[in-house]
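Please read these notes with the model open beside you. They go point by point.

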Amino acid sequence: MAMKRNYIGLACTGHDNALAVVNDRGEVVFAEATERFLQNKRSYNCIPDNPILIGKVIKQYCDPEADIVIAKTWSEDAPGILRQESALAAQRLQGPYRPYSSSFIKYDVGAYQYVLKSVSDSIQSAGVNLKFYCEQVLGKQVEFRSFNHHLTHAATACYTSPYEQAACIVVDGMGEGVSVSGYAYRDHRIEALPVPVQSMLGNLAKSLGFFYSHLCGWCGFDPWAGEEWKVMGLAPYGKFNQAIYDVLRERVAVSGFDIECPDPEWKSASRLLKYIRTPDQPSLAAADLAHTGQVVFAEMMTALLNRLYEFGISDNLVFGGGCALNSSYNGKITQLTKFRNAHIFAAPGDDGNAVGAALLACDQDRRLQGLNSRPSSPYLGSTMSKSSLQDLARYSRIPGLQHLPDDICRRTAQLLSEGKIIGWVQGRAEFGPRALGNRSILADPRRADMKDKINARVKFREEFRPFAPSILAEYGPEYFLHYQDTPYMERTLAFREEVRQHVPAVVHVDGTGRLQSVKRSLNERYHALISEFHRLTGVPLVLNTSLNVMGKPIVHSVEDALAVLYTTGLDAMVIEDYLIEKQ
């Protein structure tokens, strides 16, 4: 009889680290980014196996009789590759190539080498605490396994997809010497495509992920803080600029199944300087740059995907890597390419690789039978502490605290219909960067002023930032053109012209929305809430944004949720069956 094993995946890039647990049957039973537990955005240089966290996770999600396999998201060759890149950086970055941060300060050789060392250190330190805990506290021996970084991206994308076969592409900033990888997924097997892929070592320009990060900096935002979202939000406010386009196309191109740089020394850089936003300029000053940069990104991705399709693998696409977070492009994949279906998991970035690594380790032991039988749930994180909720009810003396176990959806829907802005906390937290109805701020999409109100008094962020519609999936085709099921808020679609005036708070300036298709099978309570709102208003969707303020992670605890309630303009907070209305 085969021994029982639990597989713990550690995403260990040094930013967006995460931990995932896969049980002996190949099921993902827990996954959470390190930033949530620490409440430290992106958690730079923070190990994924925090010594305080791991004991709780193992006790709750691991079989006490099972051995532990620790799976890392970078191979054993990765530190050597990163050291090689660090040495080459000293040569490459002495030239005219100079990306900029939001404060218009140059990223020099030292900064880039610091990043590379941080990644290498994170790879080597991840798992040390977990090994100690398992051996010294649990009395178990652990086994370490390491996987190629892009392969873990591919595993996350493929193993969470509903497809028996698919073509897979991974596009990010940098893997182990490459920035693009292709795979064929058939019968639970992931096979690398036999394509000649040139190394990007020594040339940052050969990366679509770095291109978009630099675009973020050129627009005046901070790529260190992961503000690429702002570029996507700003782009629809701009227009196409041929001069900017010409410069950017000298920066990046697609050659077969690889990223190239037509101007490797980037002698054209001086022509871009006049378009870069300076700190004294408003965000909208970079709108044309953001718009044109998004056009270039879309062209490059389309060329890569069309090349991938030529391999004749499948009409199904699975997309992983940081570039798969570009929801503006994701919604156009089936229109711009020959792929008929596309799957992007809730966490396609480096945090999601914790799932991929754990599943790869499980697959090595041939325990991944029965995958893809149902949609992969994104609700894999922690729950709210029951004792904290009990203490809240017993000791807080908060006026307006109500316990409504039988009426919480109806009462919340009523408040939403009255124009209240509500924090909504239910069940297990979402894995990935987007709130999908369990750690959300909700509002009435019918009110034209709601977007500005939430940006100004709740999220404290730029006025151009849009909000997402969470729509009952059965009504999706009535509201969106070329409707696609979008369970993870992973793609942006165009609203139908005739419905835009009815839900102005979630219609972006270009008539689009980054929607979430809500199904009862994936989130029964959230579906029930929106159904109640639909019954009251005739509108089958609500405005949804993450329960946090700008610069902070999504809330993790009861105390975090209360802090957001009482330090922002929220009108009420729902935590499980408890409702708190501000008096």
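1. Two strands are taken to pair if DSSP finds at least two bridges between them. Strands (E, at least two residues) and helices (H or I, at least four) are DSSP runs, numbered from the N terminus. With that in place, 9 strands form an open sheet of mixed pairing, in the order 13-21-20-14-15-19-16-18-17. Strand 13 (401–403) and strand 17 (491–494) are the edges; each has a single partner strand, so one side of each lacks a neighbour in the sheet. From one strand to the next the twist averages 35°.

2. A word on the source. This is a predicted model, in which local features need pLDDT of at least 70 and side-chain atom pairs count only at pLDDT 80 or more, while totals for chains, interfaces and linings use all residues. Residues are numbered from 1 along each chain as its sequence is written, and side-chain values use heavy atoms, with hydrogens and water left out.

3. Confidence comes next. pLDDT is the predictor's confidence in each residue, from 0 to 100. The chain has a mean pLDDT of 93, and 96% of its residues reach 70 or more. Residues 96–106 fall below 50; this stretch still has 31 contacts in the model beyond near neighbours in sequence. Contact means heavy atoms within 4.5 Å. Where pLDDT is low, the predicted coordinates should not be read in detail.

4. Look at strand 19 (residues 541–546). Buried means under 20% relative accessible area, exposed over 50%, and partly exposed in between, with a 1.4 Å probe and protein chains only.

5. Now the partners of strand 19. Strand 15 (residues 439–443) pairs with strand 19 in the antiparallel sense, over 4 bridges. Here isoleucine 441 has threonine 545 as its bridge partner. Strand 16 (residues 468–472) also runs antiparallel to strand 19, joined by 4 bridges.

6. Valine 574 stands opposite leucine 579 of strand 21.

7. How do helix 6 (residues 149–159) and helix 14 (residues 353–364) cross? Their axes come within 7 Å and cross at roughly 85°. Axes are lines fitted to C-alpha atoms, for helices over the stretch in contact, and angles run from 0 to 180 degrees between N-to-C directions. The two helices are therefore roughly perpendicular. Angles of 65 to 115 degrees count as such, under 35 as roughly parallel, over 145 as roughly antiparallel, and the rest as oblique. Among the contact residues are His149 and Tyr159 of helix 6 and Asn353 and Asp363 of helix 14.

8. Helix 15 (residues 386–395) packs on helix 20 (residues 558–567) at about 50°, with axes 9 Å apart. That makes helix 15 oblique to helix 20. Ser388, Leu389 and Leu392 of helix 15 meet Val558, Glu559 and Leu562 of helix 20.

9. Last, valine 171, in strand 6 (residues 165–171). At 0% relative accessibility, valine 171 counts as buried. Not counting residues up to four places away in sequence, valine 171 touches residues including Leu208, Met301 and Phe319.
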